[in-house]
Amino acid sequence: MPLSIAKIIERRYGTLGVPADFVLPGGERIRLAEHPELEVAARTVRGLAALARPALGRLARAYVHGDIDFSGSARRVLGIAERMVGQVEHGRVSLTERVASWLHQRRPNRANIAHHYDVGNAFYRLWLDERMVYSCAYYRQDGDSLAVAQAQKLDHVCRKLRLAPGERLLDIGCGWGALIFWAAENYGVDATGITLSRNQAEHVAEEIRRRGLEGRVRVELRDYHDLPDDARYEKIASIGMFEHVGVARLAAYFGRIRRLLVPGGFVLNHGITHGMEGAAALGSGIGEFVEDYVFPGGELTHVARVISAMSAAGLEVVDAEALREHYAKTLWSWTERLETNADAARREAGEERYRVWRVYLAGSAHAFDRGWLSLWQLLAGRPFDDGRLPHPLTRDYMYGPRAA
């Protein structure tokens with residue numbers, strides 16, 4: 001390997017305090033710290049190119065394709081990778097990303113959802129909790145386990161919506177059914193879940209039969225805008241789904257939700273937002289990586305724009321709660337569980353897909369830690385024609401002792 005390559009690496013990282021050893025394709029080792037914490041290995045010329053001109057998205061692609069490898073946990077690597085890259089600027093969507101997103105949003109939503117969710121239920125079971133909840137957990141105490149925090153999140157959603165026996169609940173993007181099962185079994189509602197993932201729908205249908213909830217809980221393989229025009233619900237939940245909608249479609253999305261609600265009904269929208277107002281994409285190539293490998297057609301915006309879209313659709317926001325730190329903890333837990341089950345994950349999904357999910361989960365956790373992303377629960381209602389929207393005067397119903 002030419003000495004000039006080693007010199008380029010040393011010149012690029014020598015003054016940044018990167019606590020790592022770099023290993024070149026020929027085996028030459030470059031020590032950048034007296035006590036290195038991990039090893040970054042370039043396996044190919046493409047890997048060297050990524051290290052010579054680092055961006056977080058470029059490094060992620062190189063890792064996914066085996067052009068670079070690293071030792072240690074993904075959590076430690078992400079902090080070091082940001083130091084390698086330097087300042088990360090967030091803002092406009094690149095032309096490449098804009099075109100890719102436009103093309104993905106033109107194809108049926110089901111294709112985008114299948115790309116992300118139809119990896120195989122066995123793969124998700126390796127790192128999700130036993131209820132298969134694939135959304136931000138709710139940690140009442142720092143030491144809560146993932147399973148406890150996810151149960152707390154399900155109950156937190158139900159309490160915010162003030163679910164009551166006999167009410168009709170719609171869960172838009174119901175995943176593997178955790179919320180509709182919790183709501184039916186603990187609050188006595190009539191629950192309908194919709195999803196575009198066939199794997200998820202089949203799992204939920206099987207669970208309905210196993211739990212003996214036929215007639216009280218149902219799952220439908222359909223998009224939200226394909227719901228019958230006469231369908232009405234007292235309560236609606238949208239948990240970790242509206243990120244797939246697209247900013248241009250938010251008006252239609254929330255407008256549809258308003259029409260599905262009875263007057264006086266409430267919706268809880270729980271979703272990821274940008275941490276910076278005005279930013280359209282995560283910088284350093286992160287947005288392009290997520291668009292290409294993980295969430296085709298997904299699009300985020302700032303919470304202010306979400307609230308504005310809800311208001312314009314005739315929904316009155318009555319409560320907003322930021323759960324950024326909760327999602328960082330959730331994602332780190334998922335990352336650690338995936339890494340613990342790495343061999344099984346590779347058998348289920350293959351090496352490349354394992355690498356995609358490892359770097360995606362860890363990168364997302366890092367983004368929430370850094371405040372680049374946030375997570376908001378927005379509770380809103382459809383007022384009666386005279387403008388009334390009855391709801392409790394305080395938040396005691398969310399946090400006080402649960403009513404019998």
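Student: Which elements are included in what covers the buried residues of α11?

Tutor: Some conventions come first: this is a predicted model, in which local features need pLDDT of at least 70 and side-chain atom pairs count only at pLDDT 80 or more, while totals for chains, interfaces and linings use all residues. Residues are numbered from 1 along each chain as its sequence is written, and side-chain values use heavy atoms, with hydrogens and water left out. Helices (H or I, at least four residues) and strands (E, at least two) are DSSP runs numbered from the N terminus, and a contact means heavy atoms within 4.5 Å. In this structure, the cover over the buried residues of α11 includes β5 (168-172), β8 (233-239), β9 (261-274) and α13 (303-312).

Student: Which residues of helix α11 are buried?

Tutor: Buried means under 20% relative accessible area, exposed over 50%, and partly exposed in between, with a 1.4 Å probe and protein chains only. In α11, which runs over residues 250-260, the buried residues are Leu 250, Tyr 253, Phe 254, Gly 255, Arg 256, Ile 257 and Leu 260. For the chain, buried residues make up 56% of the 404 residues.

Student: What is the mean pLDDT of the chain, and over which residues is the pLDDT below 50?

Tutor: pLDDT is the predictor's confidence in each residue, from 0 to 100. The mean for this chain is 90, and 91% of its residues reach 70 or more. Over residues 97-107, however, the pLDDT is below 50, although this stretch has 21 contacts in the model beyond near neighbours in sequence. Where pLDDT is low, the predicted coordinates should not be read in detail.

Student: How many helices and strands does the chain have, and how does its radius of gyration stand against the globule rule?

Tutor: The secondary structure comes to 17 helices and 11 strands. The radius of gyration is taken over C-alpha atoms, and the globule rule is 2.2 Å times the number of residues to the power 0.38. Here the radius is 23 Å, close to the 22 Å that the rule gives for 404 residues, so the chain is as compact as a globular protein of that length. Along its principal axes, the C-alpha trace spans about 75 × 45 × 40 Å. Of the contacts with a separation of 6 or more, 74% are accounted for by residues 24 or more positions apart.

Student: Where is Met 132 found, and is Met 132 buried or exposed?

Tutor: Met 132 is found in the loop between α7 (121-125) and α8 (146-161), and at 4% relative accessibility it counts as buried. Its phi is near 60 degrees, a positive value in a residue other than glycine. Arg 162, also not a glycine, has a positive phi of about 50 degrees; Arg 162 lies in the loop between α8 and β5 and is partly exposed, with a relative accessible area of 28%.

Student: Which residues does Pro 54 touch, not counting those up to four places away in sequence?

Tutor: Pro 54 touches Arg 12, Tyr 13, Leu 59, Met 84 and Val 85 on that count. Pro 54 is placed in the loop between α2 (45-52) and α3 (56-64), and its relative accessibility of 11% counts as buried. Between Pro 54 and Gly 285, 231 residues apart in sequence, the C-alpha to C-alpha distance is 9.9 Å.
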